Amino acid sequence: MKEWIPLVDDYLHELLRNDGRGGHTYSRCLACTDRPIPTAPGRATIRCRECMPKLVCEGCAVRRHADMPWHRVERWTGFTFERTSLVDLGLVVQLGHADMSTCSNPRPARSDFCVIDISGQHRARVMFCGCERAGLAGTSSQQLHRRRLYPATETEPNTVLTYRLLEHYHIQSLQGKISMFDYYQSLLRLTDNTGTIHLQDRYKVFMRIVSQWRFLKRLKRAGRGHCPGGVKATTAGELAVVCPACPRPGVNLPTGWDRAPEDRRYLYTLSIAMDACFRLKRRAVSNEQKDPILGSGWGYFVEDTKYREVLAAYADQEEMSTCTGLSAIDHANTKFHKGYAATGVGAVVCARHEFMLPNGVGDTQKGEKYVNMDYVFASSMLHHPSVHKHVSYDIACQWSKGLKDRLAVFPAHVRVEVPDDTEHSIPKLHYHSHKQIDHSKFSMNYRPGAGRTDGEGIERRWWWIQPIATSTKMMGPGQRQGVLEDQWGYANWRKYVTLAWTLRDRLRLALREEAEHMELFIVLSASLKRKHIKRWTAAVVAWEKDTSLDDPYILISDGPTESDVRRTLAEEEQAASAAPGYVAQHEVSVLGFITMGLDIEDQQCRLQQDAKKALASELPVLFERRTALRRRLQKFRDLQAVYMPAALPLLSQMPEARTDVEHIEGVRLGLPSDFATAHRSTLCTDAVVQLELRLRAAQCRDSLQDVRNKLHTLDHLYRYKKANVRNQGPNTRAQAELAQQRVRRDRAAARYRRARRARLSLEGPGAWELEFQVLHDEDVRGVGDDEPQSVLQRQRQSASSGPGEGRKKMSWIWNASDTSGNRAHVESLRIEWLKARARALRWKEETELLPEEMRRVLATLQHEASQWQAFASCPIADVSSEVQEGIIAYAHRQARIRIAMRDTFERVCYDQAVAAKGGSGPEWQSKDCSDVEPPAAPLCDVLQPTDESDLHIP
């Protein structure tokens, strides 16, 4: 750019030079001498803006543009160029005569005939063939098609779009996500950007033709024009681009795959991911009578009529909830469903390669209901009845319950069997938003056979499709489905094209990571006692076979919760009160006294937080809360006179303990932990001290777990908001929910700090501090977050998502257990050893899965090539010889494309497959492998996880 800046004047002068005649200053046409019969040269005043800068006469301009009638021309006036057209110069477009012969009886088209091309909107003088060759020439519509012009209507067409325009817009809409409105407006601006010329409004025609073009292209690429039954014989999902790497019996699986041993079954397992996207809404505009769905159920969407019939029976079904109860953000985006025909879509993709599955998409009407997700799951699985399945869903722990029973009552056309051994997992980024107890069986890090699959591929599909969400929201049902079907077909095809480089790079990384993690695992195992390894291995192997056993990845908890302690203490008091000679000191027991103090403490903390941000309108409510708290504090002082009478004189001397103050939330309560050890024995009995100590110990455990839960909640809500919430209203509600969760997180952290300080005061330092450490602000972070300084550095340098599960540094709060001493150390080692084992085995599985997927891609490409070759050799009845020739030519072309893709795939992947002990078998034909560069488009694939077999440690 710096080299160009000094040349700006020169470049500007060249642009201006082209606004004149340039070097073509001759007055007579030099092209007249090129005519078959030379004539006297005419005046050279016409210049074409598309094909030539030189000037010619009007006659030569018309003659040269007989095959290029949609070029823009201009006339030299002697001072400047002014706009004209080939129609004004006399150009007539004759249809029906491929040999360009003269028609003896031409039929003129309407005078307002309009042609829309890449160069803009054009008037045209078109003649249809009406002579003795009219039968061969075809109908008016056919004559236009044979000139690569797409008519707007079948009878008396007066608007056409060129094939060139439709191809150009099609790829622009797919790759650039440009809307039909913006593209059409750009065509008008090319035609006239001054507003001085009246242009015909053909926008609705443009939309209709584009919808037809998309559908015809999908039919053509799926081979429907090569089938004897034609378009009407198209079956469900047949227009979808299918993943070549996923297992498909009869296409890419080896003989005997269904008899593979249990520990090898994962190689032939179909991994799918499910989710709902609430960006892809559709307002209740238009209807199917005005905007019918073309080929409903033939691609990625389910068949609409049958789907709605099933939904009608479940109108009152509630939305699904998660095990953590995180439904606030769902409601923020879905409860305002009025005015929408669809609030989003639910979808199923292959989890490892991110292909949208045939019949795996359905509209949602109000939130994410069981019936919507069950239906799209069942519809997509009808295409995969016999393979073992691994299903990933962000609420799989809830959705999988009762799935078989729910599917059993579906209509026969969508009923699918769900074997008992079907596996269910939660995507990796969503996993930590769930409770941890008894949830390791849903973790892809611990799931045997999952490889490095992360289950988040469907989220990346939502990100890819989001640019068109605004335009599809206002479309009718047919047009919206057509656009989405087309977009997903293009996305699948681009995944198909780049799959060689995707799988090669994944395998290259997997081989490196598998060696590293296996070595780390062996080193860690060598440092541990054999008896521990033997016991842990037996436990985890047994759990992998039967996940109903105790979860080995969760720290064993021996400590009771605060509610457990309160219940135990109440039972102890009840037993003591039943003993002979017991005399109650007050109607409120000592347990009631201490628990009242703890509750008041929580109230004070909450009131302090609310007072800091209270608005003027909220002050009356704040005053009432302070009044209520003051009354309760006075009752506490009355009980204090019973159970801690010696403390009242001391408290009266403390300014911070006075209750006759405005800000009652700052008053010191005077619980046993508020006093120094030296004075405590004279202020209350040891029984009162021990009672508070037991409650504080449980409070530490509960509040720390509460901090973890709130961090999980925040992580889930933030990711959900980022993926699904758009527009100001939903965003405002989502931000409010996030802010509220942050307040709850900070409140839980403050409660932990209070409980720890009180326990330290009552018990003093000890081994319990190993579990319940000092909680600094930088410790309050999610389990997926890295060490704070690393996070800060990443934020400054890039938008990197940070290290993976095997490289991150967790806050101590996630390592805390409810055991102590040496047992805590052993338990921590157990968890780390199990995780190291899982990481090594998942990478090992990945190095075995990827070569098998490579082999399947080669087999699929060979299968598709054979299919197209078969199409080329099977003529279609009742079509003309010209159509038959086109059918055969297209089939040969598609077969050659598959063969070329197969050869490229083998050259790209062979070396890595051999390094992973693959690359053998009939699918791998070539041994001469050279580097092949990937397509220009950057690959943005996220790597993925695997199964395990027991390691034998010497």
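Trp4 counts as partly exposed because its relative accessibility is 36%. Here, buried means under 20% relative accessible area, exposed means over 50%, and partly exposed lies in between (1.4 Å probe, protein chains only). The model is predicted: local features need pLDDT of at least 70, side-chain atom pairs count only at pLDDT 80 or more, and totals for chains, interfaces and linings use all residues. Residues are numbered from 1 along each chain as its sequence is written, and side-chain values use heavy atoms, with hydrogens and water left out.

Trp4 sits in the segment before helix H1 (8-17). Helices (H or I, at least four residues) are DSSP runs, numbered from the N terminus. A nonpolar surface patch is formed by Met1, Trp4, Ile5, Leu7, Val8 and Tyr11. Together, these residues have about 620 Å² of accessible area. Accessible areas come from the Shrake-Rupley method with a 1.4 Å probe; for residues, only the protein chains shown count as cover. Patch residues have over 30% relative accessible area and no salt bridge; nonpolar side chains (Val, Leu, Ile, Met, Phe, Trp, Tyr) are joined within 5 Å, like charges within 9 Å.

A patch of positive charge also lies on the surface. Its residues are Arg148, Lys220, Arg221 and Arg893. Lys and Arg count as positive, Asp and Glu as negative; His and the chain ends are not counted. The place of a charge is taken as NZ of Lys, CZ of Arg, CG of Asp or CD of Glu. Lys220 belongs to helix H8 (residues 203-221). With 39% relative accessibility, Lys220 counts as partly exposed.

Side chains of opposite charge can pair when their charged atoms come close. The structure holds 50 salt bridges. In a salt bridge, a side-chain nitrogen of Lys or Arg is within 4 Å of a carboxyl oxygen of Asp or Glu. One of them links Arg265 with Glu262, with the closest N and O atoms 3.2 Å apart. Arg265 counts as partly exposed, at 24% relative accessibility. Glu262 counts as exposed, at 59%.

Another salt bridge pairs Glu544 with Arg837; their closest N and O atoms are 3.1 Å apart. Glu544 lies in helix H19 (residues 530-545) and Arg837 in helix H29 (residues 821-872), so the pair ties together parts 293 residues apart in sequence. Both Glu544 and Arg837 are buried.

Asp746 forms a salt bridge with Arg745, the closest N and O atoms being 3.1 Å apart. Asp746 is partly exposed, at 37% relative accessibility. Elsewhere, salt bridges with shared partners join Glu601, Asp602, Glu692, Arg696, Arg751 and Arg754 into one network.

Methods. Helices (H or I, at least four residues) and strands (E, at least two) are DSSP runs, numbered from the N terminus.
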